[in-house]
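Dear colleague,

I am handing over the structure below, and after it you will find an account of what turned up when I went through it. Please read the text with the structure open beside you.

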Amino acid sequence: MSVAEPLARSAARKIRAKRPVPVRRPSREEALEAVRTLIRWAGDDPEREGLVGTPDRVVRSYAEFFSGYDEDPVALLQRTFEETDGYDEIVMLKDIRFESHCEHHIAPIIGHVHIAYLPSNRVVGISKLARLVEVYAKRLQIQEKMTAQIANTIDEVLQPKGVAVVIEAAHQCMTTRGVHKAGASMVTSRMLGTFRDDPSTRREFLSIVGHSSGFSVSNS
Ligand SMILES: [Zn+2]
């Protein structure tokens with residue numbers, strides 16, 4: 001096992017350069033007051049008994065829902081294994097459940113991610129792929145962006161021959177408000193390298209994914 005230093009450093013620079021500008025975090029007291037304001041906006045009294053502990057619980061929930069801002073996705077993938085004994089087939093992790101929040105309504109997005117890559121010579125511990133999903137899910141998201149972020153990070157840090165990421169998820173901003181379409185799920189995919197260029201690799205991936213979840217993805 002070794003840490004691939006120079007490659008990882010340049011990948012880290014690229015991905016960090018894309019990060020949003022850091023924001024000033026409000027104090028905990030300001031966050032609590034913001035929740036009280038929203039309770040009043042909803043039409044209730046934040047001082048009544050049933051609600052008095054709610055701001056504290058909401059603020060602690062936010063720390064959990066959005067813990068991904070404090071984690072570095074590149075550092076997560078930097079420990080790679082190079083002794084693969086020539087293994088050059090698809091590595092795939094299916095059905096990684098995630099919970100995220102849409103950046104338009106701060107409503108839950110709940111679904112599954114399927115990740116595959118074709119290693120060139122480096123592989124990463126499989127649990128790291130699940131952790132990578134967590135880092136991006138625990139932020140304010142849109143599904144298309146999260147799909148691209150997961151694929152791009154794997155591509156830039158591991159530099160495999162190809163990466164494929166498929167996300168299928170239900171958006172509660174759509175099921176509990178607005179058009180109220182319960183049961184609809186959104187599917188997004190990002191294919192890079194051989195998964196984009198080689199139809200047979202793509203087919204192999206989609207047949208493994210499609211078998212478990214019963215959908216197909218177009219060649220976009
Ligand atoms: Zn939304």
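In this model, which is predicted, helix 2 (residues 28-42) packs with helix 3 (residues 54-65) at an angle of about 115°, and the axes of the two helices are 9 Å apart. The crossing that helix 2 makes with helix 3 is right-handed. On the side of helix 2, the contact is made by Arg-28, Ala-31, Leu-32, Val-35, Arg-36 and Ile-39, while helix 3 brings Thr-54, Pro-55, Asp-56, Val-58, Val-59 and Arg-60 to it. Sorted by class, the residues of this contact are seven nonpolar, one polar and four charged.

Because Arg-60 and Asp-56 are four residues apart in helix 3, about one helical turn separates them. Asp-56 itself counts as partly exposed, at 27% relative accessibility. Salt bridges that share partners also join Glu-29, Glu-33, Arg-36 and Arg-40 into one network. One of the links is that between the side chains of Arg-36 and Glu-29, which meet in a salt bridge at 3.3 Å, N to O, and Glu-29 is partly exposed, with a relative accessible area of 47%.

A further salt bridge is formed by Arg-24 with Glu-30, where the closest N and O atoms are 3.5 Å apart. Arg-24 has a relative accessible area of 63% and is therefore exposed, whereas Glu-30, with a relative accessible area of 39%, is partly exposed.

I would also point you to Gln-143, which lies in helix 6 (residues 143-158). Is Gln-143 buried or exposed? Its relative accessibility is 2%, so Gln-143 counts as buried, the cut-off for buried being under 20% relative accessible area. The side chain of Gln-143 makes a polar contact with the side chain of His-171, at 2.7 Å. If residues up to four places away in sequence are not counted, Gln-143 touches Ile-167, Glu-168, Ala-169 and His-171, and also Met-186, Val-187 and Thr-188.

Note on methods:
Residues are numbered from 1 along each chain as its sequence is written. This is a predicted model: local features need pLDDT of at least 70, side-chain atom pairs count only at pLDDT 80 or more; totals for chains, interfaces and linings use all residues. Side-chain values use heavy atoms; hydrogens and water are left out. Axes are lines fitted to C-alpha atoms, for helices over the stretch in contact, and angles run from 0 to 180 degrees between N-to-C directions. A crossing is left-handed if the near helix is turned anticlockwise from the far one by less than a right angle, and right-handed if clockwise. Contact means heavy atoms within 4.5 Å. Ala, Val, Leu, Ile, Met, Phe, Trp, Tyr, Cys and Pro count as nonpolar, Asp, Glu, Lys and Arg as charged, and the others, Gly among them, as polar. Buried means under 20% relative accessible area, exposed over 50%, partly exposed in between (1.4 Å probe, protein chains only). A polar contact is a pair of N or O atoms within 3.5 Å; within protein, one must be able to donate a hydrogen and the other to accept it, and residues adjacent in sequence count only if both atoms are side-chain atoms. A salt bridge is a side-chain nitrogen of Lys or Arg within 4 Å of a carboxyl oxygen of Asp or Glu.
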